[in-house]
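Welcome! Here is a short tour for anyone meeting this structure for the first time. Take a look at the picture, then read on.

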Amino acid sequence: MIQSRDSENSFFYCDPPYTSDLGIKVHQGHYEGYTHQHLERDLTVLSQIKGKFLLSNYPSELLMDFAQKHNRYVKTFDKSLSAAHKSKNPNSTKRKTEVLVANYPI
């Protein structure tokens, strides 16, 4: 789909099912089965587009290698897992890290 809609004026927000090869536990729900091979395929497509993209995911070696190899912009966010979880246990430090990767300055 990306390739069929790509132009210099296109913008793609990509939010595929999250994967991780860094020991982060991932629950994909009904997207179960999306693998690093699928993410690698999608990153290959994004490396060839004319338009802009912003992709969100968990940190992974695959994603960081892609960003470095293709000189992509990366922004990392570390935040509490959820407000509801924290209210049940105020001393909880459960956190998650999300990464944004783009082919333009974020």
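Start at L46: apart from its neighbours within four places in sequence, L46 is in contact (heavy atoms within 4.5 Å) with I2, C14, F53, L55, F66 and R72. The model is predicted, so to speak of local features a pLDDT of at least 70 is needed, and side-chain atom pairs count only at pLDDT 80 or more, while totals for chains, interfaces and linings use all residues. Residues are numbered from 1 along each chain as its sequence is written, and side-chain values use heavy atoms, with hydrogens and water left out.

**Overall layout**
- The protein chain has 4 helices and 4 strands; these are DSSP runs (helices H or I, at least four residues; strands E, at least two), numbered from the N terminus.
- Along the sequence, their order is α-β-α-β-α-β-α-β.
- Of the 106 residues in the protein chain, 34% are buried, where buried means under 20% relative accessible area, exposed over 50% and partly exposed in between (1.4 Å probe, protein chains only).

**The nonpolar core**
- A nonpolar core is a set of buried Ala, Val, Leu, Ile, Met, Phe, Trp, Tyr and Cys residues joined through side-chain atoms within 4.5 Å.
- The largest one has 16 residues, and L43, L46, F53, L55 and V101 touch the most other members.
- At least two residues of this core come from each of β1 (11–14), α2 (36–46), β2 (52–57), α3 (61–69) and β4 (95–102).

**Strand β1**
- F12 and C14 form the covered face of β1, while F11 and Y13 form the uncovered one.
- In a regular strand, side chains alternate between the two faces of the sheet.
- β1 and β2 run parallel and are joined by 4 bridges; strands pair if DSSP finds at least two bridges between them.
- Opposite Y13 stands L54 in β2.

**Aromatic pairs**
- The structure holds 2 aromatic pairs, meaning Phe, Tyr or Trp rings (for Trp, the six-membered ring) with centres within 6.5 Å; planes under 30 degrees apart count as stacked, over 60 as edge-to-face and the rest as tilted.
- The ring centres of F53 and F66 are 6.5 Å apart and their planes are at 50°, so this pair is tilted.
- The pair links F53 in strand β2 with F66 in helix α3, 13 residues apart.
- Both F53 and F66 are buried.

**Helix α3**
- L62, L63, F66 and A67 are the buried residues of α3.
- They lie on the same side of α3 because they cover an arc of only 130° around the axis, taken from the directions from the helix axis to the C-beta atoms.
- Q68 and K69, on the other side of α3, are exposed.
- The buried residues of α3 pack against α2, β2, β3 (73–80) and β4.
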